[in-house]
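Here is a short report for a first look at this chain. Take a moment with the sequence and the model before reading on.

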Amino acid sequence: NINLDGFDVDKPSREILKCFLIAMGVNPDTIYQSEGNCSYDLLYEKDGVKYAVECKDRRFESTKYSDHCIEAVKLSALINRKKKGEFDKIWLVSTFTDGVIAIAKDID
């Protein structure tokens, strides 16, 4: 439970997700972590499909709320980038302090 601010706030969840993707057979060379103010945190490719992933590093247990969410402006930016062909799929991944990882596929 690292206390980070600004653009680094999701760094722990990015690293967890990167390890998860590699364990699932994604080539590490196809995983790109964004920098600065970007609408996604990770891009990766598997089987010719490009994925954009927004990571949320939640500082509470998964049972506190009954969902995980993304800001409307961020979702809109991701959908616009998808329409431009930058990637094929958009995922939302939230990590919680109790070790739970919630994954929502195709959030557009």
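Among contacts in the chain between residues at least 6 apart in sequence, what percentage join residues at least 24 apart? The share is 51%. Keep in mind that this is a predicted model.

## Overall build

The chain holds two helices and five strands. Along the sequence they follow the pattern α-β-β-β-α-β-β. The radius of gyration is 13 Å, close to the 13 Å that the globule rule gives for 108 residues, so the chain is as compact as a globular protein of that length.

The C-alpha atoms fill a box of roughly 35 × 30 × 25 Å along the principal axes. Of the 108 residues, 33% are buried. The chain exposes about 6600 Å². Carbon and sulfur atoms supply 50% of that area.

Strand 2 and strand 3 run antiparallel, joined by five bridges. Threonine 95 has isoleucine 101, in strand 5, as its bridge partner.

## The helices against the strands

## Nonpolar cores

In soluble globular proteins, nonpolar side chains tend to be buried together. Which residues make up the largest nonpolar core here? There are eleven: Leu17, Leu21, Val26, Ile31, Leu42, Tyr44, Tyr51, Val53, Cys55, Trp91 and Val93. Helix 1 (11–23), strand 2 (42–46), strand 3 (49–57) and strand 4 (89–95) each give two or more residues to this core. Strand 3 supplies the largest share, three residues.

Take leucine 17 as one example. Beyond its neighbours within four places in sequence, leucine 17 is in contact with Leu42, Val53, Cys55 and Val93. Another core lies apart from the largest one. This other core has nine residues, including Tyr40, Ile70, Phe87 and Leu92.

## Turns and positive phi values

Most residues other than glycine have a negative phi. Where is aspartate 47 placed? It sits in the loop between strand 2 and strand 3. Aspartate 47 is exposed, with a relative accessible area of 71%.

Aspartate 106 lies in the segment after strand 5. Its phi is positive too, near 50 degrees. Is aspartate 106 buried or partly exposed? Aspartate 106 is partly exposed, because its relative accessible area is 38%, between the 20% and 50% cut-offs.

The hairpin of strand 4 and strand 5 has five residues between the strands. In this hairpin, glycine 99 takes a positive phi near 90 degrees.

Key
Residues are numbered from 1 along each chain as its sequence is written. This is a predicted model: local features need pLDDT of at least 70, side-chain atom pairs count only at pLDDT 80 or more; totals for chains, interfaces and linings use all residues. Side-chain values use heavy atoms; hydrogens and water are left out. A nonpolar core is a set of buried Ala, Val, Leu, Ile, Met, Phe, Trp, Tyr and Cys residues joined through side-chain atoms within 4.5 Å. Buried means under 20% relative accessible area, exposed over 50%, partly exposed in between (1.4 Å probe, protein chains only). Helices (H or I, at least four residues) and strands (E, at least two) are DSSP runs, numbered from the N terminus. Contact means heavy atoms within 4.5 Å. Two strands pair if DSSP finds at least two bridges between them. The radius of gyration is taken over C-alpha atoms; the globule rule is 2.2 Å times the number of residues to the power 0.38. Accessible areas come from the Shrake-Rupley method with a 1.4 Å probe; for residues, only the protein chains shown count as cover.
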